[in-house]
Amino acid sequence: MMHAAWILVAVFGLAACAAGDPRFSSDAPAGFWMGIWHGAIAWVSLIVGIFDDSVRVYEVHNTGGWYDFGLLIGIGCMWGGGARAYPRAFGVTTVRIETREAK
């Protein structure tokens, strides 16, 4: 029960930093670093956004390409990226090469 309480506190703590923050406007848009942060908390923002219409996954007032780039980096770094999918998709296995020592 205590673990569930801590998880709930963590989710609400991260949701407090979710995209859709009123501090961003056309005059002061979210930039690259906020894009990375919003990518890192994307799943939390999505789940909270289902229950609260004021929370969005994507910040509407942003700097454009740099925010999008940061968002993709944040999502990729925090949620696995595609590096682990490559070996499974192409059947690549790790090969161990053992050498014999001269006697």
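# Exercises on a helical chain

Among contacts in the protein chain between residues at least 6 apart in sequence, 71% join residues at least 24 apart; contact means heavy atoms within 4.5 Å. The model is predicted, so local features need pLDDT of at least 70 and side-chain atom pairs pLDDT 80 or more, while totals for chains, interfaces and linings use all residues. Residues are numbered from 1 along each chain as its sequence is written, and side-chain values use heavy atoms, with hydrogens and water left out.

**Exercise 1.** State how many helices and strands the protein chain has, and what percentage of its residues count as buried.

*Solution.* Step 1: apply the rule that helices (H or I, at least four residues) and strands (E, at least two) are DSSP runs, numbered from the N terminus. Step 2: the chain comes to five helices and zero strands, in the order α-α-α-α-α from the N terminus. Step 3: buried means under 20% relative accessible area, exposed over 50%, and partly exposed in between (1.4 Å probe, protein chains only). Of the 103 residues, 22% count as buried.

**Exercise 2.** Describe the aromatic pairs that F32 forms with W33 and with W66.

*Solution.* Step 1: rings of Phe, Tyr and Trp (its six-membered ring) pair if their centres lie within 6.5 Å; planes under 30 degrees apart count as stacked, over 60 as edge-to-face and the rest as tilted. The count by this rule is five aromatic pairs. Step 2: F32 and W33 are edge-to-face, with 5.0 Å centre to centre and 75° between the planes. F32 is partly exposed at 22% relative accessible area, and W33 is exposed at 66%. Step 3: F32 and W66 are also an edge-to-face pair, at 6.1 Å and 85°. This pair links distant parts of the chain, as F32 lies in helix α2 (residues 32-40) and W66 in helix α4 (residues 65-78), 34 residues apart. W66 is exposed at 59%. Step 4: F32, W33, W66 and F69 form one aromatic cluster. Within it, F32 and F69 are 37 residues apart in sequence and 7.1 Å apart in space, C-alpha to C-alpha.

**Exercise 3.** Work out how α2 and α4 cross and which classes of residue make their contact.

*Solution.* Step 1: two packed helices are described by the angle between their axes and the distance between the axes. Axes are lines fitted to C-alpha atoms, for helices over the stretch in contact, and angles run from 0 to 180 degrees between N-to-C directions. Step 2: the axes of α2 and α4 come within 6 Å and cross at roughly 35°. Step 3: residues of α2 including F32, M34 and I36 meet residues of α4, among them W66, F69 and I73. By class, this contact has 11 nonpolar, five polar and no charged residues.

**Exercise 4.** Find where the buried residues of α3 lie around its axis.

*Solution.* Step 1: in α3 (residues 42-51), A42, V44, S45, V48 and G49 are buried. Step 2: seen down the axis, these buried residues fall within an arc of 155°, so they line one face of the helix; the arc is that of the directions from the helix axis to the C-beta atoms. Step 3: the face turned away from the buried side carries the exposed residues I50 and F51.

Note on methods:
Ala, Val, Leu, Ile, Met, Phe, Trp, Tyr, Cys and Pro count as nonpolar, Asp, Glu, Lys and Arg as charged, and the others, Gly among them, as polar.
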